[in-house]
Amino acid sequence: MLKLHGSINWLRCSSLRVIPPEIEGRPQAPPPPGLVLEGHANYWLGAPPTRNGWRMESVVIPPQLYKQFDEHPFPLVWAEALRTLSECRSLIVVGYSFPPTDFRTKRLFLEAFSNHTLSQLVVVNPDTSVTGVVRRLTRYDGPVVSCDNLQSLYGLPSSWFALTRRAPDDPPS
């Protein structure tokens, strides 16, 4: 799975402590380096998550025209994406619409598929026009498996995707 724009569960320490060092009685120190990948980042009432006394911030490239790709870990993520896409034979694109302003992602795909072709392409997106965009960017001319959602891709019952859970003694709806 390639997440080229980060995620709200990719976290790094911000420069802010939960309790300021002068109140905590500790000397001022820089935040620890590195990333934390949380299974479920807890944004309690909108407040950022914390870890070891540091406020955490998500590592995300927001959907805007002028994006910053030079901060860690994005140069590594994009280099790995190019390498992986350049070697892949089967590609599944889930939920990404390739917006007109995301020039860098389009260039990545064009470059990655300039010297090889896919043997299989799957696009999961309710917008059927995305299939044509992915087909052009990958230069793929074979049959495409196109689905509106993961439920239809895997043929799962809708109960697997219910937003609310029934109590064990509730009758099925």
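**Exercise 1: the sheet**

In what order do the four strands of the open sheet lie, and how do they pair?

Solution. In this predicted model, the open sheet reads E2-E1-E4-E3 across its four strands, with antiparallel pairing. Next, look at the edges: strand E2 (36-37) and strand E3 (50-51) sit there, each pairing on one side only. Now zoom in on one pair. Strand E1 (residues 6-17) runs antiparallel to E2, and two bridges join them. Across from valine 36 in E2 you'll find leucine 11.

**Exercise 2: a helix pair**

Work out how H3 and H4 are oriented to each other.

Solution. Start with the axes: those of helix H3 (residues 103-112) and helix H4 (residues 129-138) come within 7 Å and cross at roughly 50 degrees. Then see who touches whom: H3 brings Lys106, Phe109 and Leu110, while H4 brings Arg136, Leu137 and Thr138. Sorted by type, the residues of this contact of H3 with H4 come out as three nonpolar, one polar and two charged.

**Exercise 3: the largest pocket**

Find out which residues and elements line the largest pocket.

Solution. First, its volume: the largest pocket has about 560 Å³. Of its 18 lining residues, Leu2, Lys3, Ile92, Val94 and Tyr96 are the closest to the centre. Helix H2 (74-87), strand E5 (90-94) and H3 each give two or more residues to the lining, and E5 gives the most, with four. Finally, the lining splits into 12 nonpolar residues, five polar and one charged.

Note on methods. Residues are numbered from 1 along each chain as its sequence is written. This is a predicted model: local features need pLDDT of at least 70, side-chain atom pairs count only at pLDDT 80 or more; totals for chains, interfaces and linings use all residues. Side-chain values use heavy atoms; hydrogens and water are left out. Two strands pair if DSSP finds at least two bridges between them. Axes are lines fitted to C-alpha atoms, for helices over the stretch in contact, and angles run from 0 to 180 degrees between N-to-C directions. Angles under 35 degrees count as roughly parallel, over 145 as roughly antiparallel, 65 to 115 as roughly perpendicular and the rest as oblique. Contact means heavy atoms within 4.5 Å. Ala, Val, Leu, Ile, Met, Phe, Trp, Tyr, Cys and Pro count as nonpolar, Asp, Glu, Lys and Arg as charged, and the others, Gly among them, as polar. On a 1 Å grid over the protein atoms alone, a cavity is a set of points where a 1.4 Å probe fits but cannot get out, and a pocket is an open set with protein on both sides within 12 Å along at least five of seven lines; lining residues have an atom within 4 Å of a point. Grid points are joined across faces, edges and corners, and a volume is the space filled by probe spheres set on the points.
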